[in-house]
Amino acid sequence: MKKLNWMRWAMLLAGILFIVIGVWTIFTPVANLVGIALMISIMMLASGISEIMAYFGGDQATHSGWVLAGGILSVVFGIWLMVGQNTLAMAAVLPFVFAAWVASAGMLRAVGSFSLKEKGGEYWGWVLALGILETILGFVLMYFPVLSTVVITILLSALFITHGINDMAVFGSMTRARKLVKKAEAVAKEVVDP
């Protein structure tokens, strides 16, 4: 019971900290670009690895060279951002790299949708439409790097705030569970010791 109590308070504290960091990130986008660059590189790596795994481990519909190419591209961009020597230069280049990644991924999705269509993929039209929209967004972000910085900041802030709200919801669930356990223990005690 003590462990549950400690865990629940840790969840509340983590939730509050994530929300504070999320709000702080919204108001300090330029100061956070280096940290954001690291987070985006991790997200790019995760995205690329999942696409490569989908290519090799999925069914026939996901065995498109475009899915594999998109995964490799995401891994390359992620590693390139992660191993950059000059963090200030990395932060300055980040809006352009992010925009290039969005545009490239969109193009690969749009072209890859036709492979999906040939293999009988049900939602190839959605993949095509979203790929085109992603490509357009990438070029808009490339042309307006400040907008790219804002988009990156908002996405990261939303991630932190959502995670914080989730941790606080878990705290609430753990509090209710603790109350139920106490009630069950009291009922069990009455049954055993009438």
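User: Which helix do F98 and W101 lie in, and how many residues apart are they?
Analyst: Both F98 and W101 lie in helix 4, three residues apart, which is about one turn of the helix. Helices here are DSSP runs of H or I with at least four residues, strands are runs of E with at least two, and both are numbered from the N terminus. Before we go on: this is a predicted model, where local features need pLDDT of at least 70, side-chain atom pairs count only at pLDDT 80 or more, and totals for chains, interfaces and linings use all residues. Residues are numbered from 1 along each chain as its sequence is written, and side-chain values use heavy atoms, with hydrogens and water left out.

User: OK. Are F98 and W101 buried or exposed?
Analyst: Both are buried. Buried means under 20% relative accessible area, exposed means over 50%, and partly exposed is in between, using a 1.4 Å probe and protein chains only.

User: What about aromatic pairs, how many are there?
Analyst: The count is four. Rings of Phe, Tyr and Trp (its six-membered ring) pair if their centres lie within 6.5 Å; planes under 30 degrees apart are stacked, over 60 edge-to-face, and the rest tilted. One of the pairs is F98 with W101: the ring centres are 6.1 Å apart and the planes are at 50°, so this pair is tilted.

User: Which other pair is tilted?
Analyst: F114 and W124 form a tilted pair, with 6.0 Å centre to centre and 40° between the planes. F114 lies in helix 4 and W124 in helix 5 (residues 124-143), so the pair ties together parts that are ten residues apart in sequence. F114 counts as partly exposed because its relative accessibility is 41%, and W124 is partly exposed too, at 24%.

User: New topic: which residues touch the most other members in the largest nonpolar core?
Analyst: Of its 15 residues, those are I40, M44, L81, L94, F98 and W101. A nonpolar core is a set of buried Ala, Val, Leu, Ile, Met, Phe, Trp, Tyr and Cys residues joined through side-chain atoms within 4.5 Å.

User: And which helix gives the largest share of this core?
Analyst: Helix 4, with seven residues.

User: Last one: where is S157 found, and what is S157 in contact with?
Analyst: S157 sits in helix 6 (residues 145-192), and counts as buried because its relative accessibility is 1%. Leaving aside neighbours within four places in sequence, S157 is in contact (heavy atoms within 4.5 Å) with G22, T25 and I26.
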